[in-house]
Amino acid sequence: MEAAADQVDRTAYATWLMRMGDNTLILGHRLSEWCGHSPVLEEDIAMANTALDLIGQTQLWLGLAGEVEGAGRTADNLAYLRDASKFRNVLMVERPNGDFGQTLMRQFLFDAWHHAMLTELLTSTEERVREIAAKALKEVSYHLERSADLVIRLGDGSEESHARMQAALDDQWAYTGELSTPDEIDTATAAAGIAPDLAKVGTVWRQTVEEVLRAATLSVPDSTFAHQGGKSGRHTEHLGYILADMQFLQRAYPGAVW
Amino acid sequence: MEAAADQVDRTAYATWLMRMGDNTLILGHRLSEWCGHSPVLEEDIAMANTALDLIGQTQLWLGLAGEVEGAGRTADNLAYLRDASKFRNVLMVERPNGDFGQTLMRQFLFDAWHHAMLTELLTSTEERVREIAAKALKEVSYHLERSADLVIRLGDGSEESHARMQAALDDQWAYTGELSTPDEIDTATAAAGIAPDLAKVGTVWRQTVEEVLRAATLSVPDSTFAHQGGKSGRHTEHLGYILADMQFLQRAYPGAVW
Amino acid sequence: MSPEERAFQERIDRGEKIEPKEWMPEGYRKTLIRQIGQHAHSEIVGQLPEGNWITRAPTLERKAILLAKVQDEAGHGLYLYCAAETLGVSRDELLEKLHSGNMKYSSIFNYPTLTWADIGAIGWLVDGAAIMNQVPLQRTSYGPYSRAMIRICKEESFHQRQGYDIMMKMAKGTPEQKEMAQDALNRFWYPSLMMFGPSDKDSVHSAQSMAWKIKINTNDELRQKFVDQTVPQAEYLGLTIPDENLAWNEEKGGYDFSEPDWSEFYEVLKGNGPCNKERLGARVKAWEDGAWFREGLMAHAEKQSAAKLAAE
Amino acid sequence: MSPEERAFQERIDRGEKIEPKEWMPEGYRKTLIRQIGQHAHSEIVGQLPEGNWITRAPTLERKAILLAKVQDEAGHGLYLYCAAETLGVSRDELLEKLHSGNMKYSSIFNYPTLTWADIGAIGWLVDGAAIMNQVPLQRTSYGPYSRAMIRICKEESFHQRQGYDIMMKMAKGTPEQKEMAQDALNRFWYPSLMMFGPSDKDSVHSAQSMAWKIKINTNDELRQKFVDQTVPQAEYLGLTIPDENLAWNEEKGGYDFSEPDWSEFYEVLKGNGPCNKERLGARVKAWEDGAWFREGLMAHAEKQSAAKLAAE
């Protein structure tokens, strides 16, 4: 029974790690689509830089996920050889970029959660998790600072920028609930002290979000409806297309070294 | 030496067949992207119907290409397991759809060529080619009738539809030259009587196009510049993305039966 | 009931068909417009989830079959809009109501197609449920609707067989394919059951529609029939219906099964399905982007008729 | 030459740097603006062909390296626009000229990236050629330009090594990978040679630019140097330079090689390259789609300064 319990924890732990890594992988992918197409050169740089940080974090999270899983899969194996239903990212990060305001709003809503999550992970019972979180938190603190600042400036900007940011917020809102809604994996990893109580992360998230949106003169939507599914592998129709591109070379030339 | 010459012809013949089949495959793919997104229900039906015809023709051309090649590849193998540089379609068919006017203009310009080509192929020295051409010509006669009619009605329609159709024509023009510019494969297959003299096809094409464009009150562009490359495997950046989607399942699940 | 209404009802009771120019109660007309319009909208919105896999169909043959199917669906939309038009409402009016959210389409199309097996599941389950609804409607009292249904049913049963064939290939395929097939069944089972609508006891307007033979069977009857037909098919595929309570009930001669989660049904109706915004958004965008096209054709037609008039 | 001009030329001849606020001939200023501006535009347009493979990079590490590289290029664009601004032209003015077709960017970016090997070839050949152009420009007479070049060259040589490393992996990889590598070399070789511009005898303005140390070497000198450097690298990779006339010339101590097809060069300049319309179109679209963003930030800044003023 001891071994079985250990086995369950290990699966939950690996799944939880995949969630962390898949979030950063897929969001990094989306951000990288802006490369050369953003409204101003500074944003081209910032998008590439944020994507780069997220891909770097992906290598760490998925690398550890593969180790914990113990089936010999590397970070690249996990990124490039799983089909959509095996991905564990939240739906929010796979949705199309929309206009630049939608991308920024999503980034802010995710950064606020990511920052709260990583801060909690500094006291994880798992040393490896603490290490990754500490490294990632430095980067994500900057991401949050940047995206919050832009949300405020655009929300409290022109009439059009305000309207676009409010529309972006309204559009993203139903996809934020998934970030902080715990399921059995979250509960199991929290019980093991690996991950924090997600509700607590959600409270911090809400505080940051309300504060920034207030400064941005944007209204928090009333709706509490939350789309769910990504964390358990039930995605939107968009993820399949992302993976078809992302995985093409690994799928078409199996075993090649790049 | 006899065998070697035969071998060369066979390669040229197979390549020529792939050009026919890749044109229909990739254009069919592009048309199918309109499914459910076109300006009016009748066009949804027509787009799906044309795409269906083209995919059917693809099965015949690529099936024969595989036989002629003699390496045991089926039409599906050719469609799903070649990377972009092995595709032999003209650049025109792989370009993004643009607005519906661009799609229609491309369709007309291609249909006019396709119709002229298939008509010539009715007298190919190869029986199998004649058979496929005869079947396809029935379908393509209808495609041409339809696309020519729409080009005329939209060209000679509202100010906006006229402007859009002219812009579409100007945009597509540099991609039409490739259709009727012969290279060594065209020359070799023409010499063997398999395929017609491409210049002759080009003349018929030009006649049809000028007549329809005149009725459509559209001006034939002056430019004679023609992008080349697709027929020899040097494509645009778009084909890779088409194939990443198209081939995903075959690449991700090698050997599975569907 | 007025004498006219009584005569009308008697015609229906005798099994006569009502034809476009004949007298009919306003309620009959309105109910039919709503029902036929929603059905038409469902056909055209229904192109989207399947269209999502056309470019990724795994073989040329599967691609061709799927294209043909989606084309048929658009064709069904066309028949149905035509049937509705005989009741004095134009296709554009109906579309305007769809686009503004004042008319619905079948909620099933607010679920995503996530794997190729979903294309099988839609054919097998969704078309299966649709047929179950539509077969009796071939006997509906309104002539044009009845005739449209006869044409549609013929094609739909073909689609259902094709869907089942996809499921068969997947269920008998590699472990990954079987997993996809089971997953598709898991995701589409309850939404398919919802296609018959809420239980009769919660269903409004049912009695009047049945008297008018606009509705032939109750929702629960059809749902039961669907389950009874589908369970053995799933067994044959070696797939498991995601319902722990599923059991043969000898007494009623049918299966006992769990009700779908009706709160989900109402959420989706409210707009909170996984794809509501995308589906309607795609249709509205298609319509708006296509305005110049429709106007261009109109302008041409006007020029033509002006030229004709001038020549006369 | 006026006394001012003579004094200016003497400073340059002595190897002094010219700084922003100092006197300079109008021609010097204009030539520099054109040259630096085109270089800046090249950096930002240059994001596009490489950006085309970020989402499809074959490993996470390659993806990260490519992202870092593209980020660097945007950064180079920034340095260069800043350098140009010291000459009294704003970034927006320069961009307006790019978007309206009145300023060019390096024609090499009008070629498509068709396989992953192209990303290697761009690093190896295109960045290699760029470095060959840029290293001498570290000694250019205009201070801000010279300093920008020093920063840029450091990063570019890093990029070139990464590109060569990709080529190495491909050239030593599977037969398909080797084929991609050779194909990339075939496609990028002559366009890379064109990057140095037409032969000196056909090149206008060269003499004045060299006197001003805005240009340090002739086009042909640099092209020769590039070929001499690159041929052994290709040999080491086991790839074949697509030039039958390539041969070591003992006498000149360098390779003889075929001229690129200059008619192609002029076609591409005229707008008939494979990707001209898409590249410029993408930039214009980005700029237009982003107008609201830039205006929004401006509006915020104005509110802030108004509030600050009111508080004072």
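# Chain contacts and selected residues in a predicted model

The contact between chain C and chain B takes 47 residues from chain C and 49 residues from chain B. The structure is a predicted model. About 4100 Å² is buried between chain C and chain B, and carbon and sulfur atoms give 69% of that area. On the side of chain C, the residues that lose the most area to chain B are L60(C), W292(C) and F293(C), which together account for 21% of what that side buries.

One salt bridge pairs E42(B) with R91(C), with 2.4 Å between the closest N and O atoms. The interface of chain C and chain B also has 14 residue pairs in polar contact, counting pairs in which both residues have pLDDT 80 or more.

Several helices of chain C each supply at least two residues to the side that touches chain B: α3 (47-51), α4 (60-85), α7 (143-171), α8 (175-194), α12 (276-289) and α13 (291-311). The largest share, 14 residues, comes from α4(C). By residue type, the side of chain C that touches chain B divides into 24 nonpolar, 12 polar and 11 charged residues.

## Chain D against chain B

Chain B also meets chain D. Here 18 residues of chain D are in contact with 12 residues of chain B. The area buried between chain D and chain B is about 1200 Å², with carbon and sulfur atoms giving 45% of it. In chain D, the residues that lose the most area to chain B are R56(D), L114(D) and E278(D), together 35% of what that side buries.

Two salt bridges are found across the interface of chain D and chain B. E237(B) and R279(D) form a salt bridge whose closest N and O atoms are 2.7 Å apart. Six residue pairs, both members at pLDDT 80 or more, are in polar contact across the interface of chain D and chain B. In chain D, α8 (175-194), α11 (262-272) and α12 (276-289) each supply at least two residues of the side that touches chain B. Of these helices, α8(D) gives the most, with three residues. The residues of this side of chain D divide into seven nonpolar, five polar and six charged.

| Residue | Relative accessible area | State |
|---|---|---|
| D118(D) | 0% | buried |
| H114(B) | 1% | buried |
| A174(B) | 13% | buried |

D118(D) lies in helix α6 (residues 116-137) of chain D. The side chains of D118(D) and R187(D) are joined by a polar contact of 2.7 Å. Apart from neighbours within four places in sequence, D118(D) is in contact with P112(D), T113(D), A184(D), R187(D) and F188(D). D118(D) counts as buried because its relative accessible area is 0%, and the cut-off for buried is under 20%.

H114(B) is part of helix α5 (residues 100-121) of chain B. Beyond its neighbours within four places in sequence, H114(B) is in contact with T24(B), L54(B), Q57(B) and V140(B).

A174(B) is found in the loop between α7 (159-173) and α8 (177-180) of chain B. With neighbours within four places in sequence left aside, A174(B) is in contact with F225(B), A226(B) and H227(B). A174(B) and M92(B) are 82 residues apart in sequence, while their C-alpha atoms are 8.9 Å apart in space.

## A helix in chain C

Helix α10 (residues 219-237) of chain C has 19 residues. From its first C-alpha to its last it reaches 27 Å, close to the 27 Å expected at 1.5 Å a residue. The buried residues in α10(C) are N219(C), L222(C), R223(C), Q224(C), F226(C), V227(C), T230(C), V231(C), A234(C) and L237(C). These buried residues pack against α6 (116-137), α7, α8, β2 (254-256) and α11 (262-272) of chain C. After α10(C) comes G238(C), whose phi is positive, near 80°.

Note on methods. Residues are numbered from 1 along each chain as its sequence is written. Chains are lettered from A and ligands numbered from 1 in the order in which they are written. This is a predicted model: local features need pLDDT of at least 70, side-chain atom pairs count only at pLDDT 80 or more; totals for chains, interfaces and linings use all residues. Side-chain values use heavy atoms; hydrogens and water are left out. Contact means heavy atoms within 4.5 Å. Buried area is the accessible area (1.4 Å probe) that two parts lose on being put together, summed over both. A salt bridge is a side-chain nitrogen of Lys or Arg within 4 Å of a carboxyl oxygen of Asp or Glu. A polar contact is a pair of N or O atoms within 3.5 Å; within protein, one must be able to donate a hydrogen and the other to accept it, and residues adjacent in sequence count only if both atoms are side-chain atoms. Helices (H or I, at least four residues) and strands (E, at least two) are DSSP runs, numbered from the N terminus. Ala, Val, Leu, Ile, Met, Phe, Trp, Tyr, Cys and Pro count as nonpolar, Asp, Glu, Lys and Arg as charged, and the others, Gly among them, as polar. Buried means under 20% relative accessible area, exposed over 50%, partly exposed in between (1.4 Å probe, protein chains only). The expected span of a helix is 1.5 Å times one less than its number of residues.
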